[in-house]
Amino acid sequence: MMRFALQPELDPAVLAKMFGAAGRLQVTDFLHPDSAAALLKDLAACREWRLAVNQGDRILDFREEDVAAWSAEKRAALDRAVILGGRDRFQYRYETIRLPKEGDPSGSGAPPLLKQFVEFLCSSEIMAFMRQVTGADDIAFADAHASRYKSGHFLTTHDDEMEDMGRRAAYVLNLTPRWRPDWGGLLQFYDSRGNVVRGFTPAFNSLNIFKVPQPHSVSWVTPLAAHPRYAVTGWLRAGEPS
């Protein structure tokens with residue numbers, strides 16, 4: 001069984017000052033590199049990825065084998081719907097692995113290290129670390145899903161706020177070994193006029209943390225991207241897991 005551990009050099013007091021100044025932070029070398037590499041390997045080998053697309057508030061998931069069998073006309077129709085949806089509204093398209101809820105047999109093929117990583121995040125040690133860094137003393141647990149962005153994938157501007165969900169901060173653990181900003185897929189933050197005030201390029205084993213709510217997006221991944229953008233992402237939440 002993989003034992004996840006933080007890099008011992010991380011100082012939560014120093015990180016808390018940085019987070020408090022802007023409400024966002026990129027932590028480099030978050031995990032021991034061997035555990036980060038093992039998690040990436042597990043995700044890349046998994047066959048449980050599903051294409052996730054929203055249609056307004058409705059979430060659509062498509063299995064990889066089903067997407068591969070689509071006709072050119074069906075692919076073009078989805079492209080049109082996604083582009084029109086994202087023109088003026090919240091829209092996303094990317095691939096995901098979601099952990100099954102307790103008692104739910106679906107998703108049983110999710111990679112075991114993903115579940116172990118979430119258990120590590122929810123441990124008393126890491127929850128105390130996250131509460132100190134973010135200043136949110138009521139953070140009680142973390143949820144998570146894996147994401148894989150390929151060319152044409154994106155997430156338009158939103159602020160992550162959902163009533164009664166207890167979201168105090170969002171996090172993204174980046175797992176892609178090499179990424180260029182020209183490839184897109186950047187986590188971007190905006191001011192009230194729509195100017196980009198900060199952007200994080202995905203870097204292997206870096207953890208992005210940011211306060212909820214604040215406007216942000218994942219920029220469109222371009223055809224220049226040589227490989228997918230892998231990450232584990234979710235929210236640090238107050239209350240009890242649902």
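Begin in this predicted model with the second largest pocket, whose lining, sorted by class, comprises 5 nonpolar, 3 polar and 6 charged residues. The space in this pocket comes to about 290 Å³. To find it in the viewer, select Leu 51, Val 67, Arg 75, Arg 93 and His 153, which lie nearest the centre of the pocket among the 14 residues that line it.

Next, select helix H1 (residues 12–22) together with helix H6 (residues 124–134), whose axes come within 7 Å and cross at roughly 40°. Show the side chains where they meet: H1 contributes Pro 12, Ala 13, Leu 15, Ala 16 and Phe 19, while H6 contributes Phe 129, Gln 132, Val 133 and Thr 134. The residues of this contact of H1 with H6 divide into 7 nonpolar and 2 polar, with no charged residue.

Finally, move to helix H2 (residues 33–45) and helix H5 (residues 112–121), whose axes come within 8 Å and cross at roughly 135°, so that H2 and H5 are likewise oblique to each other. On the H2 side, select Ala 38, Leu 39 and Asp 42, which meet Pro 112, Leu 113, Leu 114 and Phe 117 in H5. By class, the residues of the contact of H2 with H5 are 6 nonpolar and 1 charged, with no polar residue.

Methods: Residues are numbered from 1 along each chain as its sequence is written. This is a predicted model: local features need pLDDT of at least 70, side-chain atom pairs count only at pLDDT 80 or more; totals for chains, interfaces and linings use all residues. Side-chain values use heavy atoms; hydrogens and water are left out. On a 1 Å grid over the protein atoms alone, a cavity is a set of points where a 1.4 Å probe fits but cannot get out, and a pocket is an open set with protein on both sides within 12 Å along at least five of seven lines; lining residues have an atom within 4 Å of a point. Grid points are joined across faces, edges and corners, and a volume is the space filled by probe spheres set on the points. Ala, Val, Leu, Ile, Met, Phe, Trp, Tyr, Cys and Pro count as nonpolar, Asp, Glu, Lys and Arg as charged, and the others, Gly among them, as polar. Axes are lines fitted to C-alpha atoms, for helices over the stretch in contact, and angles run from 0 to 180 degrees between N-to-C directions. Helices (H or I, at least four residues) and strands (E, at least two) are DSSP runs, numbered from the N terminus. Angles under 35 degrees count as roughly parallel, over 145 as roughly antiparallel, 65 to 115 as roughly perpendicular and the rest as oblique. Contact means heavy atoms within 4.5 Å.
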